[in-house]
Amino acid sequence: MSKFLSKKYQGLQAYVPGEQPKERKYVKLNTNESPFQPSKKAQELAKEQLQKCMLYSDPDCKELCSLLAKKLGVGTENVIVGNGSDEILNFAFMAYCGGETPAVFPDITYGFYKVFADLHGAKKTELPLREDFTVNLEDYKQAKGTVFLANPNAPTGLALSVAEVEELLAADSGRIVVIDEAYVDFGWESCVPLIQKYGNLLVSQTFSKSRSLAGARLGVGIASREIIEDLNRIKYSTNPYNVNRMTAAAGVGSLLDTEYFEACRNKIIANREWTAEQLKALGFTMTESQGNFLFVRHEKIGGQELYLKLKEKGILVRHFAQERICEYNRITVGSPKEMETLVKALKEIVCER
Ligand code: PMP
């Protein structure tokens, strides 16, 4: 840290992304990426844009936003795109937290919420999940502040129903609820239709997981016209060209290629179920994950130990040091071949016991 850094950032603990190792080729099951390439259409359209890079991108991403709005069944005024859903979430923390308004989120959830709250000097109300990692809705109904819920949650994969989210929205129309749907495409129901009825709802989604575009960075915010105006005010005060030409085009291509999208996500869902069964047979227990990952533990092997043993065997998974979940590992659902390699390695580790 230099002596010049503003005081307000001196205590900031930055987010630590999952490892992206270069020293060795791993079976990479640690950052919930897709094992499949982006759709051919997405690749094609992105490539075309390379030649036009001397020109700025469309700050409104009109083509992408109108296609998105059509797919989601909302108006274009209800949509904003960003540099990953992380950027949309950052805008939301900036817009709706701080001063008298704390950020409210579970003790076990996406680690970036805490960082965004600190970055913007907002107070944090971290509400503990129940013993089984489910959300106690009553806690949230009563809490004051802007609520952030990943649904399905990460790293647990557990989700609230749309009816439960609606209950939360209706409980206090005077505060914003942000539903982070990064993993919604792997079999869960979206809260997007609720934006028509609830002016206090913001939904974020991403192209990083189910649409295989993590490296392109494309996220979406869906909400009332007024909320989208708020977020645009922040976007146009920081970086109007937040989505580059190639990424916007890749997004369009991906949305046009519905068949490929459906095939990829169905493969992940089927593979998740297959892997879960294999792991249960080896004595692992896990949550009922609705995401593209499993959250697992084994009675006889510590979480950190399992992480290290898998790493030795060339498989990277995500281990969290946080006390309540340190006996668990989060394993991304990769390709069938990757999952076979994982199951084989876990069999060996379990048999050593
Ligand atoms: N929300 C959750 C719950 C996530 O796990 C992630 C991925 N790390 C994100 C949001 C952000 O994803 P992206 O910025 O790639 O859209």
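**Reading a predicted model, value by value**

Modeller: Ser 212 is found in the loop between β7 (201-206) and β8 (219-223), where strands are DSSP runs of E with at least two residues and helices are runs of H or I with at least four, numbered from the N terminus. This is a predicted model, in which local features need pLDDT of at least 70 and side-chain atom pairs count only at pLDDT 80 or more, while totals for chains, interfaces and linings use all residues. Residues are numbered from 1 along each chain as its sequence is written, and side-chain values use heavy atoms, with hydrogens and water left out.

Biologist: Why is Ser 212 called buried?

Modeller: Buried means under 20% relative accessible area, exposed means over 50%, and partly exposed lies in between, with a 1.4 Å probe and protein chains only. Ser 212 has 12% relative accessibility, so it counts as buried.

Biologist: What makes Arg 217 count as partly exposed?

Modeller: Arg 217, in the loop between β7 and β8, has 27% relative accessibility and therefore counts as partly exposed. Its phi is near 65 degrees, a positive value in a residue other than glycine, and the phi of Ser 212 is near 55 degrees, also a positive value in a residue other than glycine.

Biologist: How do you know that the side chains of Gln 304 and His 319 are joined by a polar contact?

Modeller: A polar contact is a pair of N or O atoms within 3.5 Å; within protein, one must be able to donate a hydrogen and the other to accept it, and residues adjacent in sequence count only if both atoms are side-chain atoms. The side chains of Gln 304 and His 319 are joined at 3.2 Å, so the distance lies within the cut-off. Gln 304 is found in helix α10 (residues 303-312).

Biologist: Why is Gln 304 called partly exposed?

Modeller: Its relative accessible area is 42%, so Gln 304 is partly exposed.
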